Amino acid sequence: MNTESTPIEAVHTAVEQTTLNGESVLRVVKKDKIMEFDENTYAKLSDSTFHDGTIEVKMLSRLLPDAPDFARGFIGIAFRINQEDTKFESFYVRPTNGRVDDPVRKNRGVQYFSYPKYTFDYFRNLAITDFEGPADIGLDEWISLKAVINGAKGEFYLNDSKEPSLVVENMKHGADAKGAVGFFVDIGTEAFFKDWKITAID
């Protein structure tokens, strides 16, 4: 998809078209709500409407110079975003957790959350581990993401793997939710996105 011709709305982010290693890419950095997590911070494809289908994108993250110690290079997607930006589903990765020795952090390489209520913090406080898992990923490298969405089920694949990194059987906004697609970024992260393709089947 031609990234330069896609209408983009910056939602609590700073967004610009730039060049990285000779390629035209979209740069997204969190702008507002600096100390909150898992919020509506994304670059939204303003002409997109998505219910079921696939979302594909290549993404790369770096830590900003002023990133806090707990920054993990958070990058991913938001989807089924309502018009008011008050409800959506999301899947993101934590590249700094991909190849660490700490087994707890290692199992937190990928994350699903549902805004506004079901954040990673909500799941952690209840010791619910169904919505995160490991992934062999790192900073400053292109990570291919493919999300396959069908009703309340989401399957999330990284780097062309035949096995999903995470499967969510019952996404929190239910099978009928629909809305826009966006590229998610969180605190301390400089995010780049390219080559996205959205295939809606209804």
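Here is a short walk through the sheet and the aromatic rings of this structure.

The model is predicted, so local features need pLDDT of at least 70 and side-chain atom pairs count only at pLDDT 80 or more, while totals for chains, interfaces and linings use all residues. Residues are numbered from 1 along each chain as its sequence is written, and side-chain values use heavy atoms, leaving out hydrogens and water.

Let us start with the sheet. Strands are DSSP runs of E with at least two residues, numbered from the N terminus, and two of them pair if DSSP finds at least two bridges between them. Seven strands form an open, antiparallel sheet in the order β2-β3-β14-β5-β10-β11-β12. Because β2 (13-20) and β12 (166-168) stand at the edges with a single partner strand each, one side of each has no neighbour in the sheet.

Now for the rings. Rings of Phe, Tyr and Trp (its six-membered ring) pair if their centres lie within 6.5 Å; planes under 30 degrees apart count as stacked, over 60 as edge-to-face and the rest as tilted. The structure holds 18 aromatic pairs. In one of them, the centres of F183 and W196 are 4.7 Å apart and the planes are at 50 degrees, so the pair is tilted. F183 lies in strand β13 (residues 179-185) and W196 in strand β14 (residues 189-200), 13 residues apart. Ring pairs also link Y42, F74, F88, Y92, F113, Y115 and F184 into a cluster.

Technical notes. Helix = DSSP H or I, 4+ residues; strand = E, 2+ residues; numbered from the N terminus.
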